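This report goes through one protein model, from the whole chain down to single residues. Please keep the sequence and the coordinates open while reading.

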Amino acid sequence: MRTDVRRQTTTFTGTSLRQVRNLGILAHVDAGKTTVTERMLYLTGATHKRGEVHDGTTVTDFDPQERDRGITIFAAAVSCDWDHHRINLIDTPGHVDFSDEVERSLRVLDGAVAVFDAVAGVEPQSESVWRQADRHRVPRIAFVNKMDRAGADLDAAVASIRDRLDTVPLVVQLPIGREDGFTGVVDLLRLRALVWAAGGDSSTEGPVPEGLREEALRRRRALEEAVAELHPAALEEFCAESTLGAETLVTALRDLTRSGEGVVVLCGSAYRDRGMEPLLDAVVAYLPSPLDVPPVRGTLDGAETERAADPAEPFAALVFKVHSTATGRLTYLRVYAGTIGKGDTVLDVGARRTERVGRILRVQADRNTDVDRAGAGDIVAVVGLKAARPGATLCAPDAPLLLEPPAVAAPVVSVAVEARRSLDTERLASALARLAEEDPSLAVRTDPETGQTVLSGLGELHLEVAVEKIRRAQGVDIAVGRPRVAYRETVVRGVSGHVHRHVKQEGGAGQFAHVVLDVGALGEAPDGAGGAAGAGAEGFVFGSTVTGGRVPQEYVRAVEAGCRDALLEGPLGGHPVTGVRVTLTDGATHSKDSSEMAFRTAARFALREALRASAMTLLEPVVEVTVTVPDGAVGGVLGDLAARRGRVSGSTTRAGTAVVTATVPLAELFGYASRLRGRTQGRGTFTTRPAGYAPVPGGLTADR
């Protein structure tokens with residue numbers, strides 16, 4: 001049976017939340033996720049021409065920089081209809097420097113499609129975005145793309161998913177043909193073959209080719225056994241019937257996907273339009289609707305509460321993106337409960353201010369369609385909000401609810417920026433402020449010693465894109481200094497029993513606080529230290545062993561606050577201090593002169609003195625680098641990595657291509673892209689992902 005795939009599309013006309021899918025496309029850079037998005041839009045009739053990354057004609061990569069660089073930089077939201085379902089889709093960046101865009105997108109999504117290269121399998125950023133999705137408990141299905149490439153191997157890609165992502169891959173398709181000969185797939189649930197013509201506009205469904213029938217039956221059996229091991233109802237049927245029906249498999253796969261116990265794996269070639277319709281069917285069949293995920297939780301008057309995905313509930317939404325355009329400021333929302341209409345007044349809970357909604361837009365990347373209302377489950381953009389920032393909660397003024405905002409990554413690279421013409425200084429300051437408002441992972445500050453304006457971000461490319469955006473949008477000629485990394489300081493060997501007495505008397509009520517602190521490395525756990533706090537990304541743990549009420553509890557909290565103040569600047573070079581454990585062991589108060597302010601001040605001075613007396617070391621950010629080069633260039637690449645203080649952790653060779661993995665200080669990677677291209681005649685590529693901090697070798701300082 002031959003079908004025109006574009007005629008299979010159906011328009012979403014209902015209002016049922018069960019017919020809505022909010023999903024993201026996640027992948028390593030160059031795995032083909034933007035092409036997957038473009039083919040979805042084309043097949044569903046949302047676009048009438050295939051967009052191509054190499055031609056700069058894609059819908060979602062609409063920014064000039066994205067088209068120039070050939071990569072996704074900014075998360076783009078689009079909508080389409082398939083099989084009576086509305087699909088709200090976000091195409092996310094694949095480069096590590098823009099992982100914060102992925103984080104904000106995952107916060108508002110109900111599901112995701114993870115795209116993998118059939119040759120490379122799981123790549124570094126594939127693993128990073130997978131872990132991000134794990135943290136947000138976002139159900140996923142996997143699509144192994146580029147099955148038409150030389151060296152494509154579905155089984156090897158699936159093995160890498162199993163080994164590196166700690167999940168159970170449930171493969172529901174068998175490819176027909178290999179590499180250039182890839183023409184279709186066998187649906188293992190229905191045991192039918194789907195073959196695409198050369199142009200991809202039509203497909204033929206028929207029986208499984210005779211040469212693949214035995215292999216298809218073997219893989220179907222393996223799928224049934226894997227599902228039965230994980231799903232109780234499927235196990236009952238399997239034990240009774242020794243097989244599983246197609247309906248049982250679909251139900252079990254849906255349950256396993258939504259619980260995160262397994263991941264459905266499909267395959268195809270997005271560029272050649274093969275395998276996309278089954279992927280859209282899988283999105284509808286397996287990924288959850290807003291009603292299938294737990295109600296959103298937030299705080300109301302200090303108590304945790306939840307609000308169901310119901311248009312009748314009070315309005316609640318989360319801002320996940322802000323974008324300034326020539327025609328105004330667009331604020332992107334995920335509506336979790338209630339409805340919102342043009343002209344409505346909403347409350348920004350964090351800022352404690354109300355704003356009026358001017359317009360509501362159904363977003364199609366850089367093109368928008370006005371709508372009168374948006375309800376629970378919708379992802380839309382609104383015009384008219386002047387101050388709402390990413391992470392802000394918007395809700396009905398008479399029913400406030402504060403939702404948890406997305407986590408923001410700490411900047412690790414900084415550059416000094418200044419306008420080349422003094423007349424442009426104010427325009428540059430305004431543009432930087434607007435940029436930091438749109439992207440919370442960018443930070444702007446003024447260096448107190450030099451007076452320079454410092455722009456900080458997640459990587460060299462992140463800062464390049466930010467500076468170029470200002471140049472293009474504002475026409476400001478900017479001078480950019482050499483990148484600098486964000487160093488940290490930590491304790492190697494601490495001190496015990498450090499005493500500080502804070503006494504201040506200037507007439508009237510004075511200040512008195514007496515504290516005794518033990519300071520050590522975070523790995524040192526003193527016996528009896530209670531009340532540990534802050535053992536998160538800050539790398540600081542505070543505890544108290546004071547007994548007998550010698551220091552009241554409210555003053556203990558003030559001591560912790562004073563310690564946090566002291567950790568902002570370390571003794572080696574004024575860098576933030578991390579990896580520290582501080583224990584309050586004793587103290588004394590005065591009946592009249594003691595106060596929270598006095599104990600906070602005493603703790604700040606005490607910890608500063610204790611850090612100066614401790615053995616400290618400087619830490620620098622390090623990254624895991626994966627370099628892909630021709631086999632003959634490995635020697636030069638290894639030598640260059642060694643010169644950059646890199647530690648090689650692995651090297652593999654496959655089909656004339658070598659993949660080298662190493663841990664390298666971030667400061668040594670500035671300019672590495674051009675150096676690698678020069679050593680490999682333009683054929684070498686590399687990717688990075690953060691690997692934490694490591695001590696700076698002796699003799700190297702932050703000012704080297």
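## Terms and basis

A residue is called buried under 20% relative accessible area, exposed over 50%, and partly exposed in between, with a 1.4 Å probe and protein chains only. By that scale Arg 352 is exposed, at 76% relative accessibility.

This is a predicted model, in which local features need pLDDT of at least 70, side-chain atom pairs count only at pLDDT 80 or more, and totals for chains, interfaces and linings use all residues. Numbering runs from 1 along each chain as its sequence is written, and side-chain values use heavy atoms, with hydrogens and water left out.

## Overall fold

The protein chain holds 15 helices and 40 strands. The radius of gyration is 28 Å, close to the 27 Å from the globule rule for 704 residues, so the chain is as compact as a globular protein of that length. The radius is taken over C-alpha atoms, and the rule is 2.2 Å times the number of residues to the power 0.38. Helices (H or I, at least four residues) and strands (E, at least two) are DSSP runs numbered from the N terminus. Along the principal axes, the C-alpha atoms fill a box of roughly 95 × 65 × 65 Å.

Of the 704 residues in the protein chain, 53% are buried. Among contacts with a separation of 6 or more, 71% join residues 24 or more positions apart; a contact means heavy atoms within 4.5 Å.

## Surface and charge

The accessible surface of the protein chain is about 30,500 Å², and carbon and sulfur atoms hold 49% of that area. Areas come from the Shrake-Rupley method with a 1.4 Å probe; for residues, only the protein chains shown count as cover.

There are 82 positive and 93 negative side chains, and the centres of the two sets are 3 Å apart. Lys and Arg count as positive and Asp and Glu as negative, while His and the chain ends are not counted. Each charge is placed at NZ of Lys, CZ of Arg, CG of Asp or CD of Glu.

## Loop residues with positive phi

Glu 179 sits in the loop between strand E8 (173-176) and strand E9 (184-187). Its phi is positive, about 50°, although the residue is not a glycine. Glu 179 is partly exposed, with 30% relative accessibility.

Arg 352 belongs to the loop between strand E18 (345-348) and strand E19 (353-356). Here too a residue other than glycine has a positive phi, near 55°.

Ala 142 is part of strand E6 (residues 140-145) and is buried, at 0% relative accessible area. Not counting residues up to four places away in sequence, Ala 142 touches Ala 114, Phe 116, Ile 161, Val 263, Val 264, Val 265 and Leu 266. Val 263 is 121 residues from Ala 142 in sequence, yet their C-alpha atoms are 6.6 Å apart.

Arg 581 lies in strand E36 (residues 580-588) and is buried, with 17% relative accessible area. A polar atom of the Arg 581 side chain is 3.3 Å from the backbone oxygen of Leu 522. A polar contact is a pair of N or O atoms within 3.5 Å; within protein, one must be able to donate a hydrogen and the other to accept it, and residues adjacent in sequence count only if both atoms are side-chain atoms.

Ser 594 is in the loop between E36 and helix H13 (596-613) and is buried at 11% relative accessibility. The Ser 594 side chain reaches the backbone nitrogen of His 590 at 2.6 Å. Leaving aside neighbours within four places in sequence, Ser 594 contacts Phe 512, Tyr 555, Thr 589 and Phe 599.
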